Amino acid sequence: MIYLDNSATTKPDRSVLESYTKISTDFWANPSSMHQFGGEAGQLVERARSQAASILGVNTSEIIFTSGGTESNNIAIKGIAIQYANRGNHIITSKIEHPSVREPFEQLAENGFRVTYLPVDLDGRISVDDLKNAMTEETILVSVMHVNNEIGTIQPIEEIGAIINKYPKCFFHVDGIQGFGKVPLDLVKSKVDLYSLSAHKFYGLKGTGLLYVRDAIQVASLLAGGNQERRIRSGTVNVAGAVSVAKAMRVSMEKYNKYLSKMKEMHSFLYRELSEINGIVMNSPLAGCAPHIVNFSIPELNNEVFARTLEEKQIYVSTTSACSSKTRALSKVVSELGKGDKVAGSSVRLSLSFETTQEEIETALEVIRESIEKLSELKK
Amino acid sequence: MKRIYLDHAATTPMHPEVIETMSKLMGEIYGNPSSTHSFGREAKKLVDSTRRKIAAAIGAAPQEIVFTSGGTEGNNTAIFSAVRSMKDKGNHIITTQIEHHAVLNVCRQLEKQGFTVTYLPVDQNGFVSVEDVKNALKPETILVSIMYVNNEMGAIQPIQEIGEILADHQALFHVDGVQAFCKIPLNVEKLKVDFLSAASHKINGPKGVGFLYVKKGVPFFALQFGGDQERKRRAGTENTISIAGFGKAIEVYEKNLDLYTERNKNINQILREELEGIEHFINSPKEGAVPNILSVSFHDVCVQALLTNLDIVGLAVSSGSACSAGSHEPSHVLKAMFPDDEDRAQIVIRYSFGLGTTEEDARKAARKTIEIVKKL
């Protein structure tokens, strides 16, 4: 069994499971309660908050625990737009964002905001000049993902941050969901105001995540209620979940420090080998790509059939992002690369974890070669 | 003294079987339920199995269940969706003065946006009057949101009667079922509700998961956007393992409902008897309340001092709901029940109990309370 769909979700690390289970067993109280039980649970949440903050290099008070990446993105984007609507009504994002960013922007557009969607080049990267040209005095929010979830392209976050920093009315949100733990990012240096994470993408549990919100920033909350989490996110705090997020972040950084060079080597190897296969068009960029994602298309073949063929050999890949797997259509991201519908309609993503081995990659490559050959034969 | 936790209405310990189920599944089933490969499919099966369990428990169809991150999200989603879908038909909302903040604060927000909200009073027993609902209804009423069981004193509201009245009215009916789900019989068809929210951590399940029932055919607007999960009603990768844990918690509750109810009645009785040693008021109604919550007020005591002292001796109770986070505001529920008696809302103690609470715990708790109240 070779699982190469780690961008959809990762297998949680054993130590994360253990910490979730331990906290659930021993410290299950409501952290808002004022008695000892609540106090202990609250302390654990605060400790997790400070651990998460220190890994991100930010202040403890800047971490808001959420139910995951989608919620973090929704709070950041709609929260800023609603809170600061009186400052301006222009917001900017890219054309290749995850649906949990794109859809909130579409919703804001329906509500009177003017949205600029920045295009990307053949590598899937936005141009810093395009951003410069799009910025106005009315711009209150720019949201750009750090690493694209389908093709792995790394965006120039630091340069983008420097531009936005010249506009004091404008906030900068980064969807860090695919980047965290694989591609370094200095939030402070990059002038990032809001940053979303989802723990199940880095060996944590589903239903957990966080949003970094710089201290000075107010965000309109999307949920009204008990005013937990700096009044930004009402609802009983998921104590064990919050602790497991911090744990997953630590585990993830340890793996990063230990295995990054190995992952990079495997990634280059995989990229090189794939690009030599007849019938494959590479979608991931050669340079400036996250080390865990390789995306390619098989324009002459049906990518769904291809994925099923691999699955028969117990190799698990995906054809588009899991979040839109149900609607079989062109990949929105690959479409934006401008390589035509045939390429956009036949993309395949392999995504590695720090546990993936060279042997698994070699086996997968072999099966990929065979499958392409077999399917091409059948077509003739 | 062994510490005693009598704050089950704030949150409950996870049932050992729930923890076991979750720990077992966590390491095994980790696919993304939206993935089309077998990892995804087995994860999806887990989610759908709980969905069917919930549907069966409340007399709904599986397609009518939307998983959420908990009660607050469920309440917010239901109310915002309802007013959005009905905004061309009126701007009047009816709720009660004793709702949870996850409903009250949404209504206050809607007032700022131009909606008119009627906050119905309750009687001294904590019940909303069906007549009041009838009288408050206007042609332009678009939503009625009333909790099934009050979280501070346990009164069960006449939801079925209210549902009857609303059956002939355009207004949508939302019921906050967070304290009711699994604790009392609950059938959405019989109650004629359009939305019902519940949370897992109130029934010995994990935190961070809950559900919203949305009646088939009722227009729906999501709060959270992104992927196509939950039939586009709630974007975000499904919280697979917690959902499975929630399912287990429901199963355990269903199996033991009679036993739990009996036990809670017994604990309730013991508390009432033991507290007779000191002058007090019982705020929970004698009839028509869930047995697992008992709200009591004492004379001339500083509630802050009382709670602190109780906490020092290892007794965890609360003054109101945990969710009015971090402050000892006078209880809005008690204020609604006794508008002319300000003190009563100041000095309220809520005992709420469940899994693991023993008769001995109840006796000790009552005795400690008496001791401390007398000392103070």
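A residue is called buried when its relative accessible area is under 20%, exposed when that value is over 50%, and partly exposed in between. The legends below describe close-up views of a predicted model.

**View 1. A salt bridge between A:R49 and A:E229 in chain A.** A:E229 has a relative accessible area of 9% and is therefore buried, and A:R49, at 7% relative accessibility, counts as buried as well. The side chains of the two residues meet in a salt bridge with an N to O distance of 2.8 Å. The pair links distant parts of the chain, since A:R49 belongs to helix α2 (residues 36-56) of chain A, while A:E229 sits in the loop between β8 (209-213) and α7 of chain A, 180 residues apart. Over all chains, the structure holds 36 salt bridges.

**View 2. Helix α7 of chain A, seen around A:K255 and A:V243.** Helix α7 of chain A spans residues 239-275 and contains A:K255, a residue that is buried because its relative accessible area of 9% falls under the 20% limit. Leaving aside neighbours within four places in sequence, A:K255 is in contact with A:D13, A:Y203, A:L260, A:F354 and A:E355. A:V243 is found in helix α7 of chain A too, and with a relative accessibility of 14% A:V243 counts as buried. Not counting residues up to four places away in sequence, A:V243 touches A:S19, A:I23, A:L44 and A:A48. A:V243 and A:S7, which are 236 residues apart in sequence, have their C-alpha atoms 22 Å apart in space.

**View 3. A salt bridge between A:R369 and A:E273.** In this pair the closest N and O atoms are 2.7 Å apart. A:R369 is partly exposed, with a relative accessible area of 31%.

**View 4. The contact between chain A and chain B, with the salt bridge of B:K232 and A:E103.** The contact takes 62 residues from chain A and 68 residues from chain B, and the area buried between the two chains is about 5100 Å², with carbon and sulfur atoms giving 56% of it. On the chain A side, A:W28, A:K206 and A:A224 lose the most area to chain B, together 13% of what that side buries. Across this interface the rule finds 3 salt bridges. B:K232 forms a salt bridge with A:E103, in which the closest N and O atoms are 2.8 Å apart. A:E103 counts as buried at 15% relative accessibility, whereas B:K232 is partly exposed, with a relative accessible area of 40%. B:K232 lies in helix α8 (residues 229-232) of chain B and A:E103 in helix α4 (residues 99-110) of chain A, so the pair joins two chains.

**View 5. An open sheet of 3 strands in chain B, in the order β9-β10-β12.** The pairing in this sheet is antiparallel. β9 (280-282) and β12 (348-352) of chain B stand at the edges, each with a single partner strand, so one side of each is left without a neighbour in the sheet. From one strand to the next the twist averages 25°. Strand β10 (residues 293-298) of chain B is joined to β12(B) by 5 bridges, and B:S297 has B:V348 in β12(B) as its bridge partner. Helix α10 (residues 303-312) of chain B packs on the sheet, where this helix touches β10 and β12 of chain B and its direction makes about 35° with that of β12(B). Although β12(B) stands at an edge, 5 of its 5 residues are buried. In a regular strand the side chains alternate between the two faces of the sheet. Both faces of β12(B) are covered, with B:V348, B:R350 and B:S352 buried on one side and B:I349 and B:Y351 buried on the other.

**View 6. The two domains of chain B.** Chain B is divided into domain 1 (4-13 + 257-375) and domain 2 (16-251), and the centres of these domains, taken over C-alpha atoms, are separated by 27 Å. The contact takes 29 residues from domain 1 of chain B and 31 residues from domain 2 of chain B. Between them the domains bury about 2400 Å², 54% of it on carbon and sulfur atoms, and across their interface the rule finds 0 salt bridges. Elsewhere in the view, B:E17, B:K53, B:K248 and B:E251 are linked in a network of salt bridges.

Methods: Residues are numbered from 1 along each chain as its sequence is written. Chains are lettered from A and ligands numbered from 1 in the order in which they are written. This is a predicted model: local features need pLDDT of at least 70, side-chain atom pairs count only at pLDDT 80 or more; totals for chains, interfaces and linings use all residues. Side-chain values use heavy atoms; hydrogens and water are left out. Helices (H or I, at least four residues) and strands (E, at least two) are DSSP runs, numbered from the N terminus. Buried means under 20% relative accessible area, exposed over 50%, partly exposed in between (1.4 Å probe, protein chains only). Contact means heavy atoms within 4.5 Å. Two strands pair if DSSP finds at least two bridges between them. Axes are lines fitted to C-alpha atoms, for helices over the stretch in contact, and angles run from 0 to 180 degrees between N-to-C directions. Domain bounds come from an automatic or database domain assignment. Buried area is the accessible area (1.4 Å probe) that two parts lose on being put together, summed over both. A salt bridge is a side-chain nitrogen of Lys or Arg within 4 Å of a carboxyl oxygen of Asp or Glu.
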